[in-house]
Amino acid sequence: MTSFDPGPAGLLEELRWRGMLHAASEGLEARLATGRPISGYNGFDPSGPSLHIGSLVPIFGLLHFQRHGGRPVALVGGGTGMIGDPSGRSSERNLLDVETLEFNVASIRAQLEHFLDFDGPRGAVMVNNLDWLGSMGLIEFLRDVGKHFTVPYMLAKDSVQTRLERGLSFTEFSYMLLQSADFAHLHRTMGVEMQMGGADQWGNITAGLELIRRTSSTGSGGEASAEPAFALAYPLLLTPSGAKFGKSEGGDSVWLDPAMTTPFAFYQHWLNTDDRDVGVYLRWFTTMSPDEIEGLDAEVAARPGARAAQRALALDVTGRTHGTDVARQVEADSVALFAPEPIRDPALLERLFASVGGFEVDAAQSGAGAAAALAGAGVFSSNGEARRMIQNGGLTINGEQLRDPAAPLPEPIAGEWWEVRIGKRRREIGRLGR
RNA sequence: GGAGGUGUGGCCGAGCGGUCAAUGGCAGCAGACUGUAAAUCUGCCGGGCAACGCCCUACGGAGGUUCGAAUCCUCCCGCCUCCA
């Protein structure tokens with residue numbers, strides 16, 4: 001198998017090959033096989049100003065959907081975000097004020113534009129459910145949405161069942177109704193026929209199918225299929241190595257926003273992918289063909305030390321997220337910073353100072369002990385940590401391994417720069433301030 | 001509103017008057033081995049310091065008992081269960 005049907009008919013086949021298909025609702029395959037235009041949506045949480053790489057799963061779901069001729073709709077949950085979905089065990093969400101929300105939505109849209117095409121007849125569309133949920137009255141909600149669900153149906157959902165022991169508020173219990181209302185609204189007003197989401201969303205998504213089934217005037221589409229709407233779920237991304245996906249080694253999220261995670265750090269994160277995970281990531285987070293990916297799989301098996309797959313993955317994902325030029329640049333920077341020999345070129349150091357993260361040591365401090373100077377510059381969170389790092393032999397500056405925390409920093413390169421290597425993975429550039 | 005339970009370091013989870021900066025596990029960091037991987041082994045893992053010791057801050061919050069409390073008492077707050 002080297003290629004998939006480029007139209008809607010090939011979507012499921014491709015997702016299946018990529019391992020991104022967990023479940024599809026009754027009739028979806030047949031609906032896609034008709035080749036008629038179709039719109040599908042996926043929800044995103046706008047509670048922060050940036051998406052992180054965990055969101056790449058739904059993003060690539062929409063991306064593949066668009067590649068196969070579908071029209072992606074990205075819904076931001078300005079309304080539901082305030083409620084809290086019991087499926088994601090987050091405890092309590094805070095209300096966002098309107099300006100923050102609008103700012104976040106704009107930021108998220110800008111990020112999605114790197115992945116989805118917002119132009120043309122099949123162009124992606126962004127919607128905010130606050131626009132319709134916000135103005136919906138309680139009576140209206142109960143009559144138009146609540147009326148169509150029975151309590152036993154709601155109680156039967158996994159997301160509710162698992163919380164029954166520990167307890168959940170009525171608000172959280174109602175979440176699936178709001179999500180159903182979203183789906184029904186998009187179905188009615190924009191003709192959106194499909195909702196996509198993670199496997200943990202399945203219950204909420206099918207609740208939406210239920211609502212649409214009961215409220216849409218069936219038969220208006222002539223010989224339309226029996227089902228008026230469809231659902232598609234991705235598997236939960238549990239890495240084969242068992243680590244939490246989306247977190248860096250330090251446990252922080254890896255953000256798509258270059259101001260929150262530098263492109264260099266972003267590239268490094270992918271470059272460090274475990275051998276056991278890299279094949280999955282190539283399938284999920286690139287649009288490479290089966291031939292290319294299987295070729296890289298073979299490379300991993302034959303010459304794991306070369307990490308060809310990791311390099312290809314890192315370059316591809318970074319390029320898509322931050323631009324090809326930036327990706328090439330950080331790739332080159334990585335080679336330089338991880339070469340056995342330290343960087344001696346002041347011009348290069350000056351550029352890296354800005355791009356990989358730099359710190360300043362003022363002249364007064366530079367004479368003090370290295371540990372104190374680096375802690376003072378914020379490279380380490382405390383004096384003790386810096387001291388420990390040096391005592392463990394984990395700190396190399398300008399190619400010279402530090403041994404004594406009290407000894408001063410080595411002579412700066414060109415009277416100004418320190419190339420700092422912390423452990424095997426961290427790289428920082430220091431500059432002598434005045 | 002009533003009854004009971006519970007709140008410990010990033011997470012889980014011991015401790016239940018001193019020997020507790022707090023057992024253990026996970027996560028994390030560094031080193032060795034490697035491939036900027038995994039596994040394994042070693043060390044570290046609240047902060048400070050003239051540092052095999054001393055000081056400060058910590059066991060939901062505020063008081064109190066005591067020579068001494070994370071451990072006992074009082075009040076408050078959060079969470080959970082059941083009853084109304």
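Residues 24 or more positions apart account for 71% of the contacts in chain A with a separation of 6 or more. Two residues are in contact if their C-beta atoms, placed from the backbone, lie within 7 Å. This is a predicted model: local features need pLDDT of at least 70, side-chain atom pairs count only at pLDDT 80 or more, and totals for chains, interfaces and linings use all residues. Residues are numbered from 1 along each chain as its sequence is written, while chains are lettered from A and ligands numbered from 1 in the order in which they are written.

**Overall make-up**

- Chain A has 20 helices and 11 strands. Both are DSSP runs numbered from the N terminus: helices are H or I with at least four residues, strands are E with at least two.
- Of the 434 residues of chain A, 38% count as buried. Buried means that 20 or more other C-beta atoms lie within 10 Å of the residue's own; exposed means 12 or fewer, and partly exposed falls in between, with C-beta atoms placed from the backbone.

**Confidence**

- The average pLDDT of chain A is 87, and 90% of the residues score at least 70. pLDDT is the predictor's confidence in each residue, from 0 to 100.
- Confidence in chain A is lowest in helix H8 (residues 158-164), at a mean of 75. It is highest in H15, at 97.
- Residues 88-94 have pLDDT below 50, and this stretch has 8 contacts in the model beyond near neighbours in sequence.
- Residues 219-224 also stay under 50. For them the model has 0 contacts beyond four places in sequence.
- The predictor gives the complex an ipTM of 0.81 and a pTM of 0.89.

**The six-strand sheet**

- An open sheet of 6 strands runs in the order S1-S6-S5-S2-S3-S4, with mixed pairing. Two strands pair if DSSP finds at least two bridges between them.
- Strand S1 (23-24) and strand S4 (125-128) are the edge strands, and each pairs on one side only.
- S2 has parallel partners in S3, over 6 bridges, and in S5, over 3 bridges.
- S2 is mostly covered, with 5 of its 6 residues buried.
- From S2 the chain crosses through helix H3 (residues 56-67) to S3, a right-handed β-α-β crossover. Right-handed means that, with the strands pointing away from the viewer, the path from the first strand over the helix to the second runs clockwise.
- Strand S3 (residues 71-76) pairs with S4 in the parallel sense over 4 bridges. There, Val73 stands opposite Val125.

**Helices on that sheet**

- Helix H10 (residues 175-190) lies across strand S2 (39-44), S3 and strand S5 (194-198), at about 135 degrees to S3. Angles run from 0 to 180 degrees between N-to-C directions; axes are lines fitted to C-alpha atoms, for helices over the stretch in contact.
- Helix H11 (residues 202-215) packs on the sheet and touches S1, S5 and strand S6 (230-234). Its direction makes about 175 degrees with that of S6.

**The five-strand sheet and Trp417**

- A second open sheet, of 5 strands, has the order S7-S11-S10-S8-S9 and mixed pairing.
- Strand S7 (358-361) and strand S9 (400-401) each have a single partner strand, so one side of each lacks a neighbour in the sheet.
- S7 runs parallel to strand S11 (residues 426-432), joined by 4 bridges. Val361 stands opposite Leu432 in S11.
- Trp417 sits in strand S10 (residues 417-422). Trp417 is buried because 23 other C-beta atoms lie within 10 Å.
- Beyond its neighbours within four places in sequence, Trp417 is in contact with Pro346, Leu349, Pro412, Ile429, Gly430 and Arg431.

**Helix H15**

- Helix H15 (residues 308-322) has 15 residues and reaches 21 Å from its first C-alpha to its last, close to the 21 Å expected at 1.5 Å a residue. The expected span is 1.5 Å times one less than the number of residues.
- H15 is mostly covered: 11 of its 15 residues are buried. Among them are Leu313, Asp316, Val317 and His322.
- The cover over these buried residues includes helix H12 (263-271), helix H13 (275-285), helix H14 (290-302) and helix H16 (324-337).
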